[in-house]
Amino acid sequence: MSDASLSTDEALPESHRRGIRRRAIALYWFALLALLLLFAGILLDQHRHDLDLGRERVSARADLLAEWVSTTFTLSEHALGGLAQFFDTPLERLVKDPTLAPSALQDLLAGQRDRLAFINELSLVDAAGRVIASSAPWWPPGYDLSSRQFYRAFIEDPGRESLVTPLLWSAFGQTYHLAHARRLEGPDGRFRGLAVLRLNPELFGESLAQLDMTRGESIAILDTEMRLITRRPPFAEGDAMGVLGTPVSEPLTRAFIDSGEASTILRTASPLDGSERLYAMQRVDGLPLVVVVGEERGELLAGFWQRLWLLGIIFSVVAALGWWLLRHYLGRLHLEGELRQRLMEREQARRALQDREARLQALVGSIQDMIFVFDTEGRFVYVHAVDRDQLHGGSESLLWRHYREVLPAEMVRRFDQALAEMQATGQPVETEYRVTLAGVPRDFQAILSPLAEESESFSGVLAVVREVTQYRATEAQLRIAATAFETHLGMVITDAQARILKVNETFTRITGYAEAEVLGRNPNILSSGRHDAAFYRHLWECVRENGSWQGEIWNRRRNGEVFPEWLTISAVHSEAGELTHYVATFSDISQRKAAEEEIHQLAFYDPLTGLPNRRLMLDRLEGALKDSYRSDQFGALLHVDMDNFKQVNDTLGHHAGDQLLQQVAGRLGGVLRATDTLARLGGDEFAVLLHDLGRDPRRVATVVERVAQKLLGVLQSPISLADDSVTVTGSIGATLYRDHGTTLDEILQQADMALFQAKRAGGDNLYFFDPVMQAQLHARARLEADLRQALPRNELLLHYQPQVDADRRLIGVEALVRWQHPERGMVSPGEFIPLAEENRLIVSIGGWVLETACRQLTAWAEDPVTADLTISVNVSPRQFREADFIERVLATLAHTGARPERLKLEVTESLFVHNRDEAHETMRRLKEHGVTFALDDFGTGYSSLSYLKRLPLDQLKIDQSFVRDVLEDEASAAIVASTIALSESLQLAVIAEGVETEEQRAWLVAHGCHAFQGYLFGRPGPVDSLPFQV
């Protein structure tokens, strides 16, 4: 019976443990499933949240940009509204009003335009669509705009007040712009015309470039015809405006624009860079513009993917850790039965030990120092620390670990030394160490004592450790305070009644007072007398209210010298808040003040002449402009330049040049008022600034002229330089200013332009600024800028003029370049060819003409009718003298496949004035390859027979100036006849150009000329217009 009971008692715990095992495994899998579902829910919520946040962000960004774009056009609407109010009178009377002539209207429109940087042009158009006035030259008065789309919109819709167009292509500027037009009505309500404003789209690109953008974000503005106005980032090289006018092909965007919806949010791939983004599209209210803001899908869901990876890692770690814990738990269940009995046996011993440890812990817990007990091997067997922050790790983690495993290397070294000393002497040993805990270095003092038991001579070590960080810090502060007192700053310590108690050596060195002389006295013995009572009253109020004061103050040394110092006064209070002392520190800033003065002198004055430099002159000019606006009085700016200063520098040396500049500065300053400004701008250029000259422009101009003549007069007097005497002259450019619309840069530019005219006129004179000259220079600059773009924009054309023989058969053509300007129309070659010669554009233009002509020869070679025709190409002397001219011609012939003998290069006599031998060699080498040469305009230039017989020419061209007068002028007839005879004697072909009548042709035939070119046979025109039967 007892055996059965015992068996049952043993079986019950075993079945209980199996049930626990099954429940533990089931709990593990259930927990993993629950965690997986939780993480899935978190990820789905993160995904939805990221997408919703992205939609809100791009939508808000699009709304903001659309509002900004709308605001820009609101400004332009206000500008047009102001213009409409000004022109409220009927346009017919406005045009007839002599006070508002076209030039005045243009100036008015230019002023209105210049008030807003984004406006390119302002124009007035009458009811018939003709330009009345414009701020830009490409729409001159009378220019017909009736066919333009924006004008037709107002005609077709009489109720329309204003219109903003999508991007319009400007053929003149070769760029896109936006037009904003407003209806103008007369008092009777009838349509009187339009006020038209052209906006510069680059405004949007410049503004977008200043926006901070997140990674993967794109911002674009496009019109309703799906052409880009700007995009950031650009999808190709260039800035945000480099995409202006680029068409966009994207069906969802097209559908949104066609739908008429105000806004939408969609996800699609960008047709520009291929990136998939979430886009917010916002239509700009009332404008043909759409703002598109997008963020890349990858950037939108970056947080989702990061969380996915993080949760995946966490799930894996938790699963692995849970499996390990499960295995550990099941193992413990297995051992539990075996340990149960042992635990019961040890329970009594443990309780007894706990009682002893409780009593010991109560005793040790009252000790604030740390206590450590090490066994004979150096392992921690006991740890006591009231402040756990003093331990290098938790107390439990230290137990039964060797101190070398726990302590830093420096502490280990010190403990090794102390233990060795203790074991050698058998006496307690004291040591100190520093350890960093929680990032803060802390100091400790340790006393190590040996432990011994009855059976052993040595059984361990007792270490009592006390923190001495605060004690050491107090010692260090006392040492630092003693050292800091003797610093480079003067220091004064007074009591609460401001009686001096202590000064340092620096105080004595700065003030001259020894410590014995000032003890017990008030610091006001240093007062300089430069500050009044209010200054000191404010000083002490700051000390009482804020506890300190610092600032610049002037004091007096013992020897009476007054000096500036930087002073700091601090009040010292006891723990009870009672004022006990004042501490003052000061430094002598005399040298710093002198250095600041020197820096100011160097920054604003010319070191050679002592005159104001350009920077100071510009500051004064800006102030004079403001004064002129307020007082309504004229001022003047004169630029003075010495005409022959470089000659003095080159012949007498730079030292003499410096002396000359110094004397010239003195002379110029001697004839000016004290209120005028004379400045040296650099080199030999000076500037004179005159102000408050009066309100009558004629009298002001007379005054300025009188001053300028005085300046020129003092320059003409001989100047002594060491052993030499020199005479110099000067040129002066002057401009007057008072107009509120004139800017600082414009005044400087006007003075420079006037000086340029004075120098070009030969020097030693005065020129006032001329607006006509400025307009001409600006027009020339615009023409040059357009010409530089003519080739890239394919605006150049090649026309051909027929060349015929005596039987009127077409034998060749002359290639003549033409420029089809997008806004000015056909530009005369006489206008743009000289400009191209000046800026070397003639080289690239000539190369294009040559290649185009060669391609035409190749095309003609395939047709028997045109295969034998020649093309004459004019070659500029600058182009002919290029080092690689021969290589370029041969390369052009090679890659076009043209026959060299069909190409005729026309050169002028000016080519042979210089470097005649080089020209001869170039012609010879090209002629070896079959190229022929004609001498153009023979008889109008150099006309030397010596070079005619040496040059490898094939043809002479009689200039049209002689052919035109051959029937009326005997001299012209003689020259033509002589030229024909000369060409026959030299075995050269001859052709007459400019033949316009049958009588001229007959005369030429009678005198032996059998090749002709002129209007009689055909004007220059496209290749399709050539008459192959003349």
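In this predicted model, the buried residues of helix α17 are Leu616, Met617, Leu621, Ala624, Leu625 and Ser628. The briefing begins with this helix and then turns to a pocket and to some features of the backbone.

**Helix α17 and its surroundings**

- Helix α17 covers residues 614-631, which makes 18 residues. From its first C-alpha to its last it reaches 25 Å, close to the 26 Å expected at 1.5 Å a residue.
- An α-helix has 3.6 residues a turn, so residues three or four places apart point the same way.
- Several elements cover the buried residues of α17, including the helices α16 (590-604) and α21 (744-760). Among the other covering elements are the strands β22 (635-642), β23 (677-682), β24 (685-690) and β27 (730-737).
- At the start of α17, the backbone nitrogen of Arg615 has a side-chain oxygen of Asn613 within 3.2 Å.

**The loop after α17**

- Asp632 follows α17 and belongs to the loop between α17 and β22.
- The phi of Asp632 is positive, near 60 degrees, although the residue is not a glycine.
- Asp632 counts as partly exposed because its relative accessibility is 37%, a value between the limits of 20% for buried and 50% for exposed.

**Other backbone features**

- Most residues other than glycine have a negative phi, and most peptide bonds are trans.
- Trp400 also has a positive phi, of about 60 degrees, and is not a glycine. Its place is the loop between α9 (395-398) and α10 (403-406).
- Trp400 has 59% relative accessibility and therefore counts as exposed, since the limit for that class is over 50%.
- The peptide bond between Arg232 and Pro233 is cis, with omega about 0 degrees. Pro233 lies in the loop that runs between β8 (228-232) and α6 (251-259).

**The second largest pocket**

- The second largest pocket holds about 860 Å³ of space.
- Its lining consists of 32 residues. Glu814, Ala815, Leu816, Asn874 and Asp936 are the ones that lie nearest the centre of the pocket.
- Two strands, β30 (810-821) and β34 (932-938), each supply at least two residues of this lining. The helices α23 (829-838), α24 (841-861) and α25 (877-880) likewise each supply at least two.
- Strand β30 gives the largest share of the lining, with five residues.
- Sorted by class, the lining contains 12 nonpolar, 11 polar and nine charged residues.

Notes: Residues numbered from 1 in each chain as written. Predicted model: local features only at pLDDT ≥ 70, side-chain atom pairs only at ≥ 80, totals over all residues. Heavy atoms only, no water. 1 Å grid on protein atoms, 1.4 Å probe; cavity = no way out; pocket = protein on both sides within 12 Å on 5 of 7 lines; lining within 4 Å. Points joined across faces, edges and corners; volume = space filled by probe spheres on them. Helix = DSSP H or I, 4+ residues; strand = E, 2+ residues; numbered from the N terminus. Nonpolar A, V, L, I, M, F, W, Y, C, P; charged D, E, K, R; others polar. Expected span 1.5 Å × (residues − 1). Buried < 20%, exposed > 50% of the residue type's maximum accessible area, 1.4 Å probe, protein only. Contact = heavy atoms within 4.5 Å. Polar contact = N/O pair within 3.5 Å; in protein donor to acceptor, adjacent residues only side chain to side chain.
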